[in-house]
Amino acid sequence: MEYDVVVIGGGAAGLSAATLLARARRRVAVVDAGEPRNAPAEHLHGFLSRDGMSPARLLADGRAEVIEYGGKVIPGRALVVEKLGARRFVVRHSGGPDVATRAVIVATGLRDELPEIPGLREQWGVGVLHCPYCHGYEVRDTPIAVLGGDNRPFTMHQASLVRQWSDDVVFFPNRIVLDAEERTRLTARGIRIVDGDVSGMVVQDGQMCGVELADGRIVPRSTVFVGPRFVPHDDLLTALGCDAGEDGWVATDPTGLTSVPGVWAAGNVIDSPAQLITAAGAGSKSAIALNHYLLAQDMEQAVANIR
């Protein structure tokens with residue numbers, strides 16, 4: 001069977017796209033490796049009418065909707081997308097036979113590269129967070145730390161932003177060297193700066209309770225915000241020859257269309273700040289544009305058939 005669309009990635013962007021296309025009576029398959037970025041989180045926030053739901057439940061409901069409307073969900077990891085002629089692709093994956101398709105949406109997300117500090121990865125999504133819009137309200141008015149890392153611009157913005165949720169915020173520059181103006185601005189904002197190399201997270205009974213410095217000092221904190229380095233899972237796109245922008249990320253038009261005709265990208269694979277609701281919207285937008293792309297082909301073929 002040849003599909004109209006194969007969606008690679010079963011997160012919010014991919015499932016949103018697949019559901020819309022299935023409702024549009026397109027033959028749709030989703031190839032999903034089952035490794036969502038937000039798996040460590042117990043609850044999601046900022047998604048209209050779904051606040052507090054577990055991320056796993058959201059995805060399970062999404063997969064069920066795709067299937068309800070006639071789409072197929074294939075468990076497996078997409079290994080390569082090969083272009084066959086001008087209007088056909090084949091997706092090779094670990095879950096079974098290759099699948100042929102007229103078009104592709106890549107919604108494979110990104111990975112968060114955290115500073116190599118003991119305890120940080122283990123607490124990721126629990127006591128260590130990165131998005132205050134997603135989790136800030138739940139830790140409001142508590143002792144919060146912001147930890148400097150490789151993503152300097154993100155972290156500096158994060159340090160001042162997190163202050164909206166608590167008046168007890170400590171910034172650990174760690175590997176970031178602050179200039180005098182930056183120190184003045186943070187201090188004026190009511191943020192305490194603690195210099196020195198961070199050596200680890202202090203955790204008791206699975207709960208974050210402090211930040212330890214190399215000199216032995218321990219600063220009690222119940223939550224740590226950190227700015228990861230965002231690395232897109234874009235190998236499939238770059239292997240297809242999709243152009244990149246000045247920032248090195250795959251470039252698309254406003255609908256997610258890449259430089260390769262028939263290939264769209266949606267969600268965190270091209271947009272690191274995208275939250276769940278943003279990614280879902282991007283998937284819907286890509287799906288509509290892709291459906292119009294297929295419609296143009298269908299019309300062209302229909303006219304050719306009567307001539």
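The model is predicted; local features require pLDDT of at least 70, side-chain atom pairs count only at pLDDT 80 or more, and totals for chains, interfaces and linings use all residues. Residues are numbered from 1 along each chain as its sequence is written, and side-chain values use heavy atoms, with hydrogens and water left out.

The largest nonpolar core holds 28 residues. Such a core is a set of buried Ala, Val, Leu, Ile, Met, Phe, Trp, Tyr and Cys residues joined through side-chain atoms within 4.5 Å. Buried denotes under 20% relative accessible area, exposed over 50%, and partly exposed in between (1.4 Å probe, protein chains only). Val5, Val7, Ile105 and Leu290 touch the most other members of this core. Two or more residues come from each of β1 (2–8), α1 (12–23), β2 (28–32), α2 (55–68), β6 (99–106) and α7 (276–305). Helices (H or I, at least four residues) and strands (E, at least two) are DSSP runs, numbered from the N terminus. The contribution of α7 is the most, at 7 residues. Leaving aside residues up to four places away in sequence, Leu290 touches Val5, Ala103, Val104, Ile105 and Trp264. Contact here means heavy atoms within 4.5 Å. A second, separate core has 22 residues, among them Ala29, Ile74, Leu240 and Cys242.

Helix α7 comprises 30 residues. Its span from first to last C-alpha is 43 Å, close to the 44 Å expected at 1.5 Å a residue. The expected span is 1.5 Å times one less than the number of residues. Buried positions in α7 include Ala279, Ala280, Gly283, Leu290, Tyr293 and Leu294.

Five strands are arranged in an open sheet, in the order β8-β15-β9-β10-β11, with parallel pairing. Two strands pair if DSSP finds at least two bridges between them. The edges are β8 (128–129) and β11 (192–193), each of which pairs on one side only. Strands β9 (144–147) and β10 (169–172) are parallel and share 4 bridges. Leu147 has Phe172 of β10 as its bridge partner. Helix α4 (152–162) lies across β9, β10 and β15 (223–226) and runs at about 165° to β9. Axes are lines fitted to C-alpha atoms, for helices over the stretch in contact, and angles run from 0 to 180 degrees between N-to-C directions. Within α4, Thr155, Met156, Gln158, Ala159, Leu161 and Val162 are buried. Their cover includes α3 (132–135), β9, β10, α5 (180–188) and β15.

A further open sheet has 3 strands in the order β12-β13-β14, paired antiparallel. Its edge strands are β12 (198–204) and β14 (218–220). Neighbouring strands of this sheet are turned by 30° against each other on average, direction ignored. Strand β13 (207–213) pairs with β14 over 3 bridges. Glu212 stands opposite Ile218 of β14.

Strand β5 (89–93) is largely enclosed by the rest of the structure, because 4 of its 5 residues are buried. β5 pairs with β4 (78–83) in the antiparallel sense over 5 bridges. Val81 stands opposite Val91 in this pairing. Antiparallel pairing also links β5 to β6, over 3 bridges, and Phe89 stands opposite Thr101. Each hairpin has 5 residues between its strands. Gly85 takes a positive phi near 75° in the hairpin of β4 and β5. Gly96 takes a positive phi near 150° in the hairpin of β5 and β6.

The whole structure contains 18 salt bridges. A salt bridge is a side-chain nitrogen of Lys or Arg within 4 Å of a carboxyl oxygen of Asp or Glu. Asp4 and Arg102 form one, with the closest N and O atoms 3.1 Å apart. Asp4 lies in β1 and Arg102 in β6, so the pair ties together parts 98 residues apart in sequence. Asp4 is buried at 4% relative accessibility, and Arg102 is buried at 12%. Arg87 and Glu300 meet in another salt bridge (2.9 Å, N to O). Arg87 lies in the loop between β4 and β5 and Glu300 in α7, so this pair ties together parts 213 residues apart in sequence. Arg87 is partly exposed at 40%, as is Glu300 at 46%. Salt bridges that share partners join Asp4, Arg26, Arg27, Arg102 and Asp298 into one network.
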